[in-house]
Amino acid sequence: MPDDDAIVILGAGYAGLTAYLELRRALGRSAPLCLVNRGRTHYFTTELHEFAAGEEEEADITVPLERVVQPPHRLVVDRVLRIDAAARRVVCERGEVPYARLIVALGSIPEYYGVPGAKEHGVPLTDLRSARRLRARLEELAERRPDARVVVAGGGLTGVQLAAEVADSYPDLRVTVIDAGPHIMPGFEPELVEAAVRVLEGKGVQILTGRAITEVDAHEVTLEGGAARAYDLLVWAGGVRANPVVRESGLPVTRGDRGLVDAYLRCPDDERIFLAGDCAAPTDPASGRVVPPTAQMAVQEGRLAARNAWRAERGQELEAFVPRQRGVFASLGRREGVGRWGRESLYGMPAMVVKRLVEAHHAYDVGGLAYLLRRLAAIAGWGNPARRRAWRRRVLPAPEGGRPAGGLLRS
Ligand SMILES: Cc1cc2nc3c(=O)[nH]c(=O)nc-3n(C[C@H](O)[C@H](O)[C@H](O)COP(=O)(O)OP(=O)(O)OC[C@H]3O[C@@H](n4cnc5c(N)ncnc54)[C@H](O)[C@@H]3O)c2cc1C
C-alpha cells in the first residue's frame with residue numbers, strides 16, 4: 001500500500017499509542033501504519049510526578065518507540081506543525097506525511113488562563129521535557145536550600161499527586177498547594193477529598209483553596225484580594241488546553257481548544273480525520289457532558305478511533321463512543337492514595353495498589369513483560385531507588401539503541 005493510503009496516527013501518548021496497537025492487532029502486517037511523534041519514546045504521563053520528584057528513573061517511565069513500531073509499520077520522529085486537510089497530508093518540521101485516514105492524538109499543553117507572569121515563572125508538568133526540568137530544579141533547590149518554599153498552583157490530579165510526591169522525596173521543602181476552587185481534586189467524592197487533605201497535611205503540605213492566583217513575578221504569587229505568597233519554585237499545574245495544532249489547522253474546536261468530534265470521534269468537517277485523547281472533546285451520551293481529559297478516557301478514545309478508522313476504510317458501519325468510567329484514583333506519595341472503584345471508596349495502600357495495577361496494565365500493553373515487572377516491583381513497595389536501579393539494569397532493555405536484555409520485550 002503506498003504511503004498516501006496509510007492510516008497515520010499523530011502522537012504516541014495514551015490515545016495515539018493505544019490506537020496504533022489496536023490497529024496493529026487488527027491489520028497485522030497486511031497494511032502499513034504510520035506513527036508520528038516528536039520524541040523517540042512513549043512516556044507514562046500519569047507517572048511524570050513520580051519521575052519529577054526523583055522517585056522513578058527516566059527508563060522506568062518510558063518505552064522506546066522503535067521497539068513498538070516495526071516494519072512494515074513506520075515511525076516518524078518529527079514535530080507536527082499542522083494538518084493540511086484539503087491536501088490530506090501532515091506538515092512536520094522536516095517533511096510531509098500523506099494519509100488516507102488520520103488519527104489526531106497530540107495531547108495538551110499547560111493552560112495559564114492569561115495570568116500575568118505565570119508562563120514566564122512557573123514550571124509546568126505536562127510532558128517528559130517539563131518533568132526533566134522540574135526534577136532538575138527540585139534537586140538543585142533541595143541541595144542549595146533544603147527548607148525552600150515550593151508553591152504548586154492547581155489542586156487537580158497533577159498538582160496534588162506532585163505535592164505528595166515532593167513532600168515524600170524532600171521532607172524539608174515547604175510545599176503549598178493553591179487552588180481557586182472551593183476544594184482540591186474536583187471530580188472526586190467529598191469523603192475522598194477529605195481523606196486526601198488529611199494525608200497531604202500529614203506530610204506537611206499546606207493547602208489554600210478558594211484563592212485564585214492573579215499575578216506572578218519572579219519571587220511571589222499574588223492571590224485574589226491582594227495577599228502575596230513568596231516562593232522559591234513555582235510549579236504550574238493549573239490545568240491544560242488542547243495541543244494548538246488542532247485549532248491552528250482550522251479544525252473546529254470547542255472550550256480549551258479541544259477538537260469537536262461526532263459520536264464516532266470524527267471531525268465534523270472531515271470524515272477522514274478522527275481525534276482522541278486530551279486534544280478531543282467527545283460527549284458522554286449519558287450525561288451530555290464533554291468527557292474529562294484523562295488517561296483512562298484517552299485510552300478508550302484511542303481504541304475506538306482506531307477501530308472506526310479501519311471500519312471507515314473498509315466501508316463498514318462505525319461504532320459510537322460510549323465512555324466507561326471504571327474508577328478514579330490519585331496517588332498520594334509512595335504508600336498512599338484515594339480512589340473509587342465502582343461503588344467502593346478506597347484509601348491508603350489499597351487505593352495506591354489499584355492505581356499502580358492500572359498503570360502496570362498499560363505498561364504491559366505498551367512495553368511487554370519487562371515493563372509489567374517494573375510496575376509490579378513498585379507495587380510491592382520496593383522503595384529503595386538504588387536497589388531498583390540495579391535491578392532495572394539487569395532486567396530492562398537498554399533505554400535507546402541497545403538490545404533488550406533477556407529479550408523480555410514484545411515487539
Ligand atoms: C503528572 C500527571 C499525572 C496524571 N495523572 C493522571 C491519573 O492518575 N489518571 C488519569 O486518568 N489521568 C492522569 N493525568 C492526565 C493524563 O496523563 C492525560 O489525560 C493523558 O496523558 C492524555 O493522553 P493523550 O494521548 O491525549 O496525550 P499524551 O499522553 O500527553 O500524549 C501526547 C503525545 O503527543 C506528542 N506530541 C505533542 N505535540 C506534538 C507535536 N507537535 N508533534 C508530534 N508529537 C507531538 C507527545 O510527545 C506525546 O507523545 C495526569 C497528567 C499528568 C501531567
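This is a predicted model: local features need pLDDT of at least 70, side-chain atom pairs count only at pLDDT 80 or more; totals for chains, interfaces and linings use all residues.
How far apart do the C-alpha centres of domain 1 and domain 2 lie? They lie 30 Å apart. Residues are numbered from 1 along each chain as its sequence is written.

**View 1. Domain 1 meets domain 2.** The domain assignment of the protein gives domain 1 (3–109 + 241–324) and domain 2 (115–238); such bounds come from an automatic or database domain assignment. Across the boundary, 13 residues of domain 1 are in contact with 15 residues of domain 2. Here, two residues are in contact if their C-beta atoms, placed from the backbone, lie within 7 Å. Helix 2 and strand 10 (108–110) are the elements that give two or more residues to the side of domain 1 that touches domain 2. Helix 2 gives the most to that side, with five residues. By type, the residues of this side of domain 1 divide into seven nonpolar, four polar and two charged. For these types, Ala, Val, Leu, Ile, Met, Phe, Trp, Tyr, Cys and Pro count as nonpolar, Asp, Glu, Lys and Arg as charged, and the others, Gly among them, as polar. Helices (H or I, at least four residues) and strands (E, at least two) are DSSP runs, numbered from the N terminus.

**View 2. The shell around the ligand.** Look here for the 34 residues that surround the ligand, of which the closest are Gly11, Gly13, Gly107, Gly277 and Thr294. A residue is near a molecule or strand if its C-beta atom, placed from the backbone, lies within 6 Å of it. Two or more residues of the shell come from each of helix 1 (14–27), strand 2 (33–37), helix 2 (48–52), helix 6 (157–169) and helix 9 (295–313). The shell divides into 14 nonpolar, 16 polar and four charged residues. Both domain 1 and domain 2 give residues to the shell, so the ligand lies between them.

View 3. Two strands pair if DSSP finds at least two bridges between them. Strand 2 and strand 5 pair in the parallel sense over four bridges, and the bridge partner of Leu35 in strand 5 is Leu75. The loop between helix 3 (65–68) and strand 5 holds Pro72. A cis peptide bond joins Pro71 and Pro72, with omega about 10°.

View 4. Three bridges join strand 13 (residues 174–178) to strand 14, and Val177 stands opposite Ile207 in strand 14.

**View 5. A hairpin of strands 15 and 16.** Strand 15 (residues 213–216) is joined to strand 16 (residues 220–223) by a hairpin through three residues. The two strands pair in the antiparallel sense over three bridges. Val216 stands opposite Val221 in strand 16.

**View 6. Two loop residues with positive phi.** Arg88 has a positive phi of about 50° although it is not a glycine, and lies in the loop between strand 6 (80–84) and strand 7 (89–92). Met185, also not a glycine, has a positive phi of about 55°; its place is in the loop between strand 13 and helix 7 (190–202).

View 7. At 1.5 Å a residue, the 20 residues of helix 10 (residues 348–367) should span 28 Å, and the end C-alpha atoms are 28 Å apart, which agrees. The expected span is 1.5 Å times one less than the number of residues. Among the buried residues of helix 10 are Met352, Lys355, Arg356, Glu359 and His362. Helix 10 is followed by Gly368, whose phi is positive, near 90°.

Terms used
A residue is buried if 20 or more other C-beta atoms lie within 10 Å of its own, exposed if 12 or fewer, and partly exposed in between; C-beta atoms are placed from the backbone.
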